[in-house]
Amino acid sequence: MNFSLLVRANAGRYRRYYRLIAAASLIVTALVSGSLMTGDSVRHTLTERLSRRLGNTETLIFSSNSFFSESLAAEPALGGSARPVLLSQGFISHEGRLIPVMVWGTDEPDIPAGAAMINRQLAGQLAESAPSDIVLRLPAAGLVPSGSLFVTDNYTTSLRLALAGILEAASGGDISLKNEQIIPCNIFLRRAELASAMEIEGKANLILSDSIITAEALAAAWRPATSGISLLRLDGSTEIGSDRVFLQTELVDAIARDNPGANRLFSYMANSIESASGSLPYSFVTAIDAYAGLEPADNEIVLSDYAAARLKAGPNDSISLTYFVSSDLKTLREESISLRVAGILPLEQLSADKTLSADFPGLSDVERCTDWDSDMPINMDRITKEDEDYWTLYRSTPKALVAYRTLAPRWSNAYGSATAVRTADAPDLGGLNPAMLGLRIVYPRAIGLEAARGGIDFASLFLSLGFLIIFSAVLLMLLPLSEMIFERRSELALLRALGFGPGRIVKLLHRESLAVVLLASPLGVLAGACYTALSLALLNTLWNDAVHTSGFAFFPSLTTIFAGWIAGAVISLLTLLLSVWRAAGRAERPLALKPLKPARLGSFDRRRLVWAGLRMDGKRGLTSFVALASGVLIVFSVGLNRRGFADSSQLRSGTGGYSLWCETGVPVYHSMSSAEGRAKLALTDLPPGVEALQILRYGADDASCLNLNKVVRPTVLGVDMERLQGSDFRILGSIYNKEENPFDALRLASGDVYPAAIDETTLLWGLQRRLGDTLSYEAADGRPVRILLAATLPNTIFQGNLLMDGKHFAAVWPEIRGSEIALIRSDASVEPQVRQLLSQALSEYGLRLMTTSGRLREFNSVTDTYLTIFLTLGGLGLLLGLAAFIIIVRKSLAARGGQIELYRALGFADSRIASLLIAENRLIPLAAIICGAGLSLAGVSGSAANVGTGVWLTAILLMAALMLGALGFVRRAVDRKIRNSSYQFKS
């Protein structure tokens with residue numbers, strides 16, 4: 001016997017079965033290969049997006065909170081491709097909207113003077129009504145940190161620019177330093193013009209290089225002057241100062257360590273110097289280790305002869321020194337100290353020392369006291385004509401000297417502990433390094449590639465979402481195979497009689513299936529490519545909320561195509577092989593039917609007849625039940641898991657009870673909770689009862705569901721944990737004992753390990769970490785610190801961020817003093833008034849307002865879109881389950897011709913036969929629908945209250961439609977079978 005000829009003949013004879021098997025195999029291969037190709041295409045798009053946003057850049061040298069000289073980029077040690085950049089956040093106003101932008105000051109010659117170029121993303125925001133010029137708002141950074149005292153009260157500056165055109169992505173228009181697929185709104189102008197507007201001429205805060213620059217190369221190129229450290233030759237000494245006014249504590253300690261006898265200075269403005277006989281308002285005072293042979297003790301003060309005369313004070317008299325100190329958000333507190341006069345120096349001697357007092361912009365450089373521009377609350381009524389005359393002649397010459405070790409610790413701030421250090425003629429600065437001044441090196445391409453390749457695995461995601469379809473297709477593959485083998489019982493018996501062993505029969509059947517699968521699977525790969533193309537098109541359009549970007553392109557690798565083809569073929573062949581083994585084994589056994597046992601002679605038990613019919617079709621019925629129940633379970637579970645966020649009170653644990661989320665493009669350095677801060681911010685008209693929780697931010701990568709890339713270091717928010725505890729936010733889980741209050745525990749640190757809370761969604765999906773894991777960060781002074789993932793929050797408005805107690809935040813990043821985020825709690829009745837007042841008062845800060853429920857809705861849109869994808873694929877799985885049910889019912893009825901004739905011969909009326917068949921065939925769909933819907937309800941029982949009324953109504957209507965449709969189909973199929981029978985019994 002020719003085995004190959006037999007295989008071909010059987011395949012042709014039973015082609016109606018093999019067509020169904022081929023269709024099921026095609027679906028399996030299409031889903032597997034399509035999912036893998038989708039994952040490949042998304043990864044390629046993210047990798048290509050990386051190249052587009054970085055260009056040829058391999059190395060970044062940056063200083064996050066300060067500036068350095070533009071000349072650093074020209075140092076030979078950095079190579080020839082280093083180019084200085086001045087980067088800043090900013091915003092523009094357009095048609096009543098504030099659009100946040102990234103402002104790039106570059107040396108590109110194509111940008112005209114007084115003009116700017118924008119990228120396509122920003123052009124899209126401006127739409128067709130793009131103006132001919134724009135007003136760009138920027139932080140008025142200057143060299144003196146805005147978070148310190150004695151700075152100008154103006155925190156923003158503006159720049160009017162003509163629009164010179166669009167900088168395309170190929171030319172670097174979409175440049176971004178964040179590991180995100182979202183394209184920023186970029187605006188490009190001449191670096192010199194941007195520096196001039198920010199009053200930092202000759203400075204940069206970023207260097208881009210197309211080559212790898214090592215830390216050793218940076219150290220070789222760097223000089224203290226690069227970071228604004230100046231050396232001033234004095235008589236017999238050298239003064240070390242900074243263009244930022246303040247010298248960092250680590251820097252001061254290193255200079256003092258390497259230069260014995262170093263003399264530290266800290267200039268400050270006192271609110272008053274008072275004695276028993278007089279007072280001096282708003283006087284500059286210098287804390288110093290030693291001066292003119294005098295070394296003030298801890299409780300001593302040295303007065304100028306001018307100050308002594310006005311105070312009518314002499315040696316050993318008691319002097320009271322009053323001054324402001326600032327805590328968080330420039331919340332001022334007045335302190336006083338009582339000192340003893342240790343000596344009196346000639347004013348002319350102090351005046352001749354021009355650097356004894358530091359230059360504070362807005363204070364030291366004005367003509368009159370009444371011109372002082374400071375964010376301190378200066379009462380001009382206290383300033384007399386005598387004070388104005390002193391200012392005209394001597395400006396900021398200090399009226400008193402105090403001990404450095406006594407007052408410098410109280411006056412120090414996050415930006416430094418001295419305004420100058422005086423050393424011998426040739427100071428030793430060998431202990432200084434770039435890290436002390438905040439310079440860091442980052443290799444963005446290597447980090448970006450890791451983030452892009454390790455991000456959300458869309459291959460696994462689509463395989464998971466399409467599992468039901470694959471499962472249903474496998475079940476559909478088994479149905480025609482089982483039916484075919486049942487029909488070939490006589491043929492298989494003949495083959496056994498001819499000497500074919502069981503193994504050879506199985507080989508014959510498998511060879512027939514193999515040919516079908518090998519023909520269907522390549523078509524499945526093509527169908528998978530179409531599936532991928534459709535998925536990417538939907539991600540770019542209808543499903544865009546899942547990725548918050550567009551531009552996904554079809555780009556599968558040959559390896560992926562081959563892997564999808566092999567995987568789909570192997571799944572199909574293994575399924576068929578196992579089924580053939582089992583079916584062939586059953587075919588060898590004679591059919592044994594258990595006789596029915598009527599309840600009484602001459603009568604039939606209807607229920608027993610129904611259950612006997614179900615047992616006879618047990619395998620097919622079970623297949624139909626599983627496929628249909630799975631489809632119902634997926635569809636109902638996805639539908640009931642949708643959330644409504646129209647009312648934030650429904651999800652108070654997600655909003656904390658706060659109604660507004662405020663985000664500013666320029667940090668806010670004053671407290672919205674204090675009367676002084678509200679006066680500074682023009683918020684005195686806020687209605688009573690309005691609460692504000694201001695939050696500091698260390699900007700890193702977005703770890704929320706909006707970012708497809710892998711995130712290693714998410715953004716950290718500094719919050720007041722005590723106030724957070726008093727809100728409606730709650731801890732979902734923590735590493736602490738049940739007896740411990742997790743909010744209290746989050747305020748305790750151990751060494752350089754700081755605990756933090758994190759949104760559970762971010763922990764599991766964004767970071768793919770567990771509670772107890774730690775993340776590595778770098779503190780402002782360069783030391784490594786670790787953040788312990790100690791507690792989780794439920795789905796909240798903080799998604800994508802770590803929450804650290806404010807005191808810990810200040811210990812790690814002390815220079816971040818202004819809040820960029822604020823949560824507002826107010827009554828619903830006054831919320832419109834609060835929104836309007838905030839928008840007007842903080843417009844100069846680039847305020848962007850949104851409701852907390854709206855922010856949750858934005859995050860939820862991602863989840864909802866994934867649920868939509870799941871629902872779409874689950875719906876296809878449900879259709880396959882319905883198809884399996886229809887096939888099984890038809891096959892079952894087709895095999896019941898003899899049974900129907902038997903019933904008729906026994907005297908059963910056609911109506912009674914029909915009722916038996918209907919009762920038998922309706923049990924499976926009804927049980928499957930009820931079981932699937934019941935399991936769905938059990939899955940959402942804990943959050944059933946959050947399911948909207950419309951969702952419940954839709955679920956009930958869908959369930960009713962499925963039941964009615966199944967019952968209607970069964971009835972029509974049975975009636976058709978009865979009518980088409982060769983004989984009808986007339987009752």
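Buried means under 20% relative accessible area, exposed means over 50%, and partly exposed lies in between (1.4 Å probe, protein chains only). These legends describe a predicted model, in which local features need pLDDT of at least 70 and side-chain atom pairs count only at pLDDT 80 or more, while totals for chains, interfaces and linings use all residues. Residues are numbered from 1 along each chain as its sequence is written, and side-chain values use heavy atoms, with hydrogens and water left out.

**View 1. Ser-272 in strand S13.**
Ser-272 is found in strand S13. Helices (H or I, at least four residues) and strands (E, at least two) are DSSP runs, numbered from the N terminus. Ser-272 is buried, at 4% relative accessibility. Its side chain makes a polar contact with the side chain of Glu-274, at 3.4 Å. A polar contact is a pair of N or O atoms within 3.5 Å; within protein, one must be able to donate a hydrogen and the other to accept it, and residues adjacent in sequence count only if both atoms are side-chain atoms. Not counting residues up to four places away in sequence, Ser-272 touches Leu-280, Pro-281, Tyr-282, Ser-320, Leu-321, Thr-322 and Arg-382. Contact here means heavy atoms within 4.5 Å.

**View 2. Strand S14 and its two partners.**
Strand S13 (residues 263–274) runs antiparallel to S14, joined by 9 bridges. Two strands pair if DSSP finds at least two bridges between them. S13 and S14 form a hairpin, with 4 residues between them. Ser-272 has Pro-281 as its bridge partner in S14. Strand S18 (residues 400–403) runs parallel to S14, joined by 4 bridges. There, Ile-288 has Ala-403 as its bridge partner.

Tyr-282 lies in strand S14. Tyr-282 is buried, at 7% relative accessibility. Its phi is positive, about 40 degrees, although Tyr-282 is not a glycine. Most residues other than glycine have a negative phi. Arg-382 lies over the face of Tyr-282, 4.8 Å from the ring centre. A charge sits over a ring if NZ of Lys or CZ of Arg is within 6 Å of the ring centre and within 35 degrees of the ring normal. Ring pairs also link Tyr-282 into a cluster with Phe-150, Phe-246, Phe-266, Tyr-268, Phe-284, Tyr-323, Phe-360, Trp-372, Trp-391 and Trp-411. Rings of Phe, Tyr and Trp (its six-membered ring) pair if their centres lie within 6.5 Å; planes under 30 degrees apart count as stacked, over 60 as edge-to-face and the rest as tilted.

**View 3. The Phe-729 and Phe-798 pair.**
The structure holds 23 aromatic pairs. In the pair of Phe-729 and Phe-798, the ring centres are 5.0 Å apart and the planes are at 40 degrees, so the pair is tilted. Phe-729 lies in the loop between helix H21 (721–725) and strand S24 (733–734), and Phe-798 in the loop between strand S27 (784–793) and strand S28 (801–805), so the pair ties together parts that are 69 residues apart in sequence. Phe-729 is buried, at 3% relative accessibility. Phe-798 is buried too, with a relative accessible area of 1%.

**View 4. Thr-796 in the S27–S28 loop.**
Thr-796 sits in the loop between S27 and S28. Thr-796 is buried, at 0% relative accessibility. A polar atom of its side chain lies 3.1 Å from the backbone nitrogen of Phe-798. Thr-796 touches Ser-653, Gly-654, Phe-729, Asp-759, Leu-856 and Phe-859, not counting residues up to four places away in sequence.

**View 5. Two partly exposed alanines.**
Ala-435 is found in the loop between strand S19 (420–423) and strand S20 (439–442). Ala-435 is partly exposed, at 28% relative accessibility. Its C-alpha atom is separated by 9.3 Å from that of Ser-63, 372 residues apart along the chain. Ala-435 touches Arg-440, Ala-780 and Asp-781, not counting residues up to four places away in sequence. Ala-682 lies in the loop between helix H20 (675–680) and strand S22 (691–698). Ala-682 is partly exposed, at 46% relative accessibility. Its phi is positive, about 60 degrees, although Ala-682 is not a glycine.
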